[in-house]
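Hi,

Here is the model I promised to pass on.

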Protein chains: 2
Amino acid sequence: MRRDIFQAIADPTRRAIIVLIATQAMTPNALAENFHTTRQAVSKHLRILTECEIVKQEQQGREIYYSLELKKMKEIDKWLEQFRKMWESRFDNLDQYLAKIQKEKKHGKSK
Amino acid sequence: MRRDIFQAIADPTRRAIIVLIATQAMTPNALAENFHTTRQAVSKHLRILTECEIVKQEQQGREIYYSLELKKMKEIDKWLEQFRKMWESRFDNLDQYLAKIQKEKKHGKSK
DNA sequence: TATTTATGAAACTAATCGGTTGCAAATATA
DNA sequence: TATATTTGCAACCGATTAGTTTCATAAATA
């Protein structure tokens with residue numbers, strides 16, 4: 001299946017699952033209790049998240065604990081990087097500009 | 001239409017559009033030249049991006065220039081925040097630990 | 001061993017998605 | 001004014017999506 005992490009986090013239920021397992025590993029049954037869907041639906045979401053390597057499994061007897069693969073979240077962050085530079089540079093430049101003209105006002109024009 | 005920013009960025013063409021207009025405003029026609037789809041398909045993507053307020057329009061005669069609404073990108077960043085805290089505390093600590101033991105290997109145990 | 005529990009997978013369905021073609025409206029140009 | 005250009009919108013279509021129900025398997029428990 002041709003799924004990437006951006007499609008994976010497009011679904012609100014999957015985002016909620018991601019948030020839930022971020023702090024502690026959970027079983028499909030425990031996860032399903034948090035949603036108004038069947039356990040099987042949650043299982044399908046977990047399948048997709050597993051395919052994208054966003055979650056990892058750890059079997060314990062007949063239970064399977066799912067937990068978050070944090071480094072995959074970093075991939076989204078990496079894509080955002082290019083825009084972060086922009087919004088940071090815009091405001092930073094404004095700050096610098098304001099600081100500059102304020103300095104010039106005080107001390108007279110000096111490079 | 002029940003669309004949010006996460007669904008908006010799920011489509012690769014829309015992500016490419018976002019990147020293209022991030023640096024300079026562009027018309028639908030100019031944008032369409034960058035993809036193997038019709039202008040109308042690009043127009044539909046722009047409609048979705050507009051509904052999500054990810055892009056803003058500026059009419060100039062019969063042309064419409066689309067540009068990025070940077071602050072919407074920040075919303076994704078905001079969601080990522082909760083995970084960033086985690087990976088920074090985990091991986092940065094790991095990096096520091098690795099750097100530390102490497103240093104100790106070279107120079108002998110020194111703080 | 002028989003039963004219950006936890007899980008994934010298959011088959012099906014209604015809704016949505018991304019694309020197309022065709023058209024209408026508005027603006028620029030001949 | 002007649003024509004060309006730029007654009008958005010509607011209607012349609014095949015593929016995908018998220019959900020359901022049903023079933024099979026494996027592990028725990030009675």
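Below are the notes on what turned up, starting with how to read them.

This is a predicted model, so local features need pLDDT of at least 70 and side-chain atom pairs count only at pLDDT 80 or more, while totals for chains, interfaces and linings use all residues. Residues are numbered from 1 along each chain as its sequence is written, chains are lettered from A and ligands numbered from 1 in the order in which they are written, and side-chain values use heavy atoms, with hydrogens and water left out.

First, the core. The largest nonpolar core has 56 residues (such a core is a set of buried Ala, Val, Leu, Ile, Met, Phe, Trp, Tyr and Cys residues joined through side-chain atoms within 4.5 Å; buried is under 20% relative accessible area, exposed over 50%, partly exposed in between, with a 1.4 Å probe and protein chains only). The members that touch the most others are A:Ile54, A:Met73, A:Phe83, B:Ile54, B:Met73 and B:Phe83. Leaving aside residues up to four places away in sequence, A:Phe83 touches B:Ile18, B:Val19, B:Ala22, B:Leu68, B:Leu70 and B:Met73 (contact means heavy atoms within 4.5 Å).

Next, the helices (DSSP runs of H or I, at least four residues; strands are E runs of at least two, and both are numbered from the N terminus). In chain A, the axes of H2 (residues 12-23) and H4 (residues 39-51) come within 10 Å and cross at roughly 75° (axes are lines fitted to C-alpha atoms, for helices over the stretch in contact, and angles run from 0 to 180 degrees between N-to-C directions). That makes H2(A) roughly perpendicular to H4(A) (65 to 115 degrees; under 35 is roughly parallel, over 145 roughly antiparallel and the rest oblique). On the H2(A) side the contact uses A:Thr13, A:Arg14, A:Ile17 and A:Ile18, and H4(A) brings A:Val42, A:His45, A:Leu46, A:Ile48 and A:Leu49.

What does A:His45 touch, not counting residues up to four places away in sequence? A:Asp11, A:Thr13, A:Arg14 and A:Ile17. A:His45 counts as buried because its relative accessibility is 15%.

Last, a hairpin. Strands E1 (residues 55-60) and E2 (residues 63-68) of chain A pair in the antiparallel sense over six bridges (pairing needs at least two DSSP bridges between two strands). A:Gln57 has A:Tyr66 in E2(A) as its bridge partner. Two residues lie between the strands of this hairpin, and A:Gly61 takes a positive phi near 65°.

Cheers
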